Amino acid sequence: MSLNQLLSHWRAEPTIFSNITEWRKIEARSAQFKPFPESVHPTLTQVLSQRGIKNLYLHQETTWEYAKNGHNVIIVTGTASGKTLAYNLPILDALIRDESARALYIFPTKALGQDQYNELSAITDDLKVLHNLTQDNAADQQLTQQYSIPVGIYDGDTKPKDRPAIRNNSRLVITNPDMLHMGILPHHTRWAEFFANLHYLVIDEIHAYRGVFGSHVANVLRRLKRITRFYGSKPQFFLTSATIANPVELGEKLIEEPVDLVDQDGSSRGMTNFLIYNPPIVNEDLGLRRSSLLESVRLAEDLFYYDVQTIIFGRSRRNIELILTYLRQNLGHTGIDLNSAQSNRVSNAELIRGYRSGYLPSERRAIEGGLRTGKVRTVVATNALELGIDIGAMSASILAGYPGTIASTWQQAGRAGRSEDPSLVILVTTASPLDQFLAHNPGYFFGRTPEKALINPDNLLILLAHLRCALFELPFQVGERYGKLLIEELEEFFSLLIQEGVVHKSGNKFFWLADRYPADGVSLRVASPSKILLQIPQGEEWTTIGDVDYESGPWLVHPQAIYLQESQMYLVDDLNLEGGIARLHPTAADFYTVPKVNTSIEAIHQSAAEAVPGGEKSYGELSVISQVTGYRQVKWFTHEQLGSGDLDLPANELNTMGYWLSINSKTVENLRQNGLWSNDANKYGPDWTQQRDRARSRDEFRCQVCGLEEGDREHHVHHKTPFRQFDSPKTANQISNLVTLCPSCHRRVETVVKLRSSLSGLAYVLNNIAPLFLMCDSRDLGVYSDPQSPLAEGNPTIVLFERIPAGIGFSQRLYEIHTSLIKNAYELVNLCTCRDGCPSCVGPAGENGLSGKQETLALLSLLIEQSRIPDQNLS
């Protein structure tokens, strides 16, 4: 059986074919070859030829020319296009010719660094073997020495006993940003000879360096360049990236030097079938779809039976383990090893493997080897395998949910078809608005330039953290530059550090005074270095099992929260924010917890504002004050609400950047006249107080949900059928429609049954669709809607704010693309087939099936300059 046979089967199978919203064939591409330049060292040409590389691709030859002219280069070509050889060729050529030259390779993950170490070691071993002949004279021995290019990998897995030899002997060192930040730069004196002769610096997969991580890495590179200047070297840069909208801009922001772009991909590819598969609807009224995980498993089972080697990408560790479990259970315990001449029966545990962080390095290497040899037929992975680790030529790639960015989608898709054979890619969409937008607008995905990767190296918290590290590494001279900061700005920062007592100025230099090692307290993955340690009891002692960043503490590890780590469930007993410690104990609860948060927002500075159809758009600096006030207990899988609790935690203030859209009075009045505005305060009528007291008395002043008696504060009275559904207050306030609830239960009930207005519906869809335009995670943005916002003189306003202190540029980008954002939000809601709101558009409907879809569409139509509110077809 073959891939083409399976595709024919799917076309004829209505339960599969009817769910495919797009079946696009990406035609095969022929290679554009170039001969090896005559200037390449003949020994290197010979070694590569022995390894089957007889010619170069166009982009490899172009990179060679730029490199030989001393230019910094960024290579932006497809997955498995030979980017690695493009920079290895000029670097190895130079290392052969100059025995003093050194090179540093920086990869975003340890796994990718290990993979490239194996490849480079094989090439350099071949070089050495080719010239490791018995020589009689000193000149020949000197020549032999030049062909010896020791390669070392220096990361967190490198044994301490091996590190001195790597520092002293390796001419090509492979590392990652975290090790460079914590283990190399602070100890640069041990690397003095290496840095003095550092000629080449490779930064691979720079599209991974975006947001907070990228802003940190840009500062690590500032520190690295400062140290190389101190030792008298100025390395040439080679950068690589997946396809993004702004590779040159990102590259130049990272290294703060000009780069030349190489983006004409000369590699070959086979024909690719790219399918967008939208799971079937199982509840039309609520717009609920069958699980994307279960549908991914179903498709993967077919691929397994048809002997198509497949990689399945999931979006979380939990999803990976679920898919892996379902596949192994559904396919039975044994299978046929089709690579064996005797068709030996083997365990499906060997044929179907998982791959994610948390596995031992030796286990990951074994899985990678099994994929290359074909002994592993199906692998379920997180984005750990998205980057260029060599796993051979996979035939199919299933993406169980949109990966979050167009660039990552193409990276994961590129893991299939790593040869000239036909391949298959399936994007299985979830019920999220972002996934549903792509399911209904495939042309947007296939026709749009991938997103811009944004970083802000001068984010105040990140910058100050790395200035401390840089001062620890080397004193600063008065007038010395750091990145593109003005000298006056830099000295203001030094004044702050002097007041803090960690820096001292002597003569014309600034010196680090503190005893502590600053890099040890700076994580490259978060903006703030503060942590909350997670501790569990072990005998009479407390053992630390991990940590969370301080800002996330009240959300993730508040008292009575369920916290998951490595599939183990813990219940939080206590959270000490001042001490930075959360105490937990193992549990086996059948629920998870969701925090309840109150938020308020104030403007600090408005950077820009502009009138737009229906209102005004703005962006600027905001103060976001949030407080976790309680939590809900939600049952696994069924999502049933099991209970809730109140919390008394301090409020957290976040100074950040935000984009906001205010709705003007004309738009509100237009909606109000058409009965499509439900954000006005309810006017309960003159008899409300009397009816309210009658209801409380009838219910014996006791909450009718949890049974709590009234104390110092009166309980609330709730309308069973929402007030707005009645023609008059008198009808709405009938005693039979009223029920007594305590404040906690009332908040919970209102959340479930409230009418989702046009404002909150629009906030929901904008928050979910915005990441499509930004290379960010949905958790990087917060959303807030206010019918009477102080940001807009009391006008209704929606705010999207960055959850990163001081922001990194997302808000300005949203301000710039406002028109496109609104138009695509309208299209998403309008194309959704639900009756009145669902998780895929404006949010789930309440118990009465009312969710404000019509109201949200009406508001969106006025925000894109439609002259009238369109008729809605919501049947």
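D307 lies in the loop between α13 (292-305) and β14 (310-313), where helices (H or I, at least four residues) and strands (E, at least two) are DSSP runs numbered from the N terminus. D307 has a positive phi of about 60° although it is not a glycine. Most residues other than glycine have a negative phi. With a relative accessible area of 40%, D307 is partly exposed; buried means under 20% relative accessible area, exposed over 50%, and partly exposed in between, using a 1.4 Å probe and protein chains only.

The model is predicted: local features need pLDDT of at least 70, side-chain atom pairs count only at pLDDT 80 or more, and totals for chains, interfaces and linings use all residues. Residues are numbered from 1 along each chain as its sequence is written, and side-chain values use heavy atoms, with hydrogens and water left out.

A80 sits in the loop between β4 and α5. A80 is not a glycine either, yet has a positive phi of about 60°. Its relative accessibility is 41%, so A80 counts as partly exposed.

Now the whole chain. The protein has 875 residues, of which 53% count as buried. Its secondary structure comes to 30 helices and 36 strands. Of the contacts between residues at least 6 apart in sequence, 70% join residues at least 24 apart; contact means heavy atoms within 4.5 Å.

Helix α4 (residues 58-68) has as its buried residues L58, H59, Q60, E61, T63, W64 and A67. These pack against β2 (33-34), β3 (56-57), β4, α5 (83-97), β9 and β10. Just after α4 comes G70, with a positive phi of about 80°.

In helix α12 (residues 247-255), the buried residues are P247, L250, G251, L254 and I255. They cover an arc of only 110° around the axis, which puts them on the same side of α12; the arc is that of the directions from the helix axis to the C-beta atoms. The partners of these buried residues are β4 (73-76), β8 (198-203), α11, β9 (236-241) and β10 (260-262). Just after α12, E256 takes a positive phi of about 55°.

Helix α11 (residues 211-230) also packs with helix α9 (residues 177-184): the two axes come within 10 Å and cross at roughly 45°. That makes α9 oblique to α11. Here axes are lines fitted to C-alpha atoms, for helices over the stretch in contact, and angles run from 0 to 180 degrees between N-to-C directions. Angles under 35 degrees count as roughly parallel, over 145 as roughly antiparallel, 65 to 115 as roughly perpendicular and the rest as oblique. The crossing of α9 and α11 is left-handed, meaning that the near helix is turned anticlockwise from the far one by less than a right angle; clockwise would be right-handed. On the α9 side P177, L180 and H181 take part, and they meet F213, V217, V220, R223 and L224 in α11. The residues of this contact divide into 6 nonpolar, 1 polar and 1 charged. Ala, Val, Leu, Ile, Met, Phe, Trp, Tyr, Cys and Pro count as nonpolar, Asp, Glu, Lys and Arg as charged, and the others, Gly among them, as polar.

Another helix pair is formed by α18 (residues 433-440) and α27, whose axes come within 8 Å and cross at roughly 75°. That makes α18 roughly perpendicular to α27. P433, L434 and F437 in α18 meet Y764, N768 and I769 in α27. This contact divides into 5 nonpolar, 1 polar and no charged residues.

The C-alpha atoms of P771 and L434 are separated by 8.2 Å, although the two are 337 residues apart along the chain. Leaving aside neighbours within four places in sequence, P771 is in contact with G404, L434, C776 and S778. At 2% relative accessibility, P771 counts as buried.

Not counting residues up to four places away in sequence, I601 touches L622, S623, V624, Y784, P790, L791, V799 and F801. One of these, V799, is 198 residues from I601 in sequence and 8.8 Å from I601 in space, C-alpha to C-alpha.
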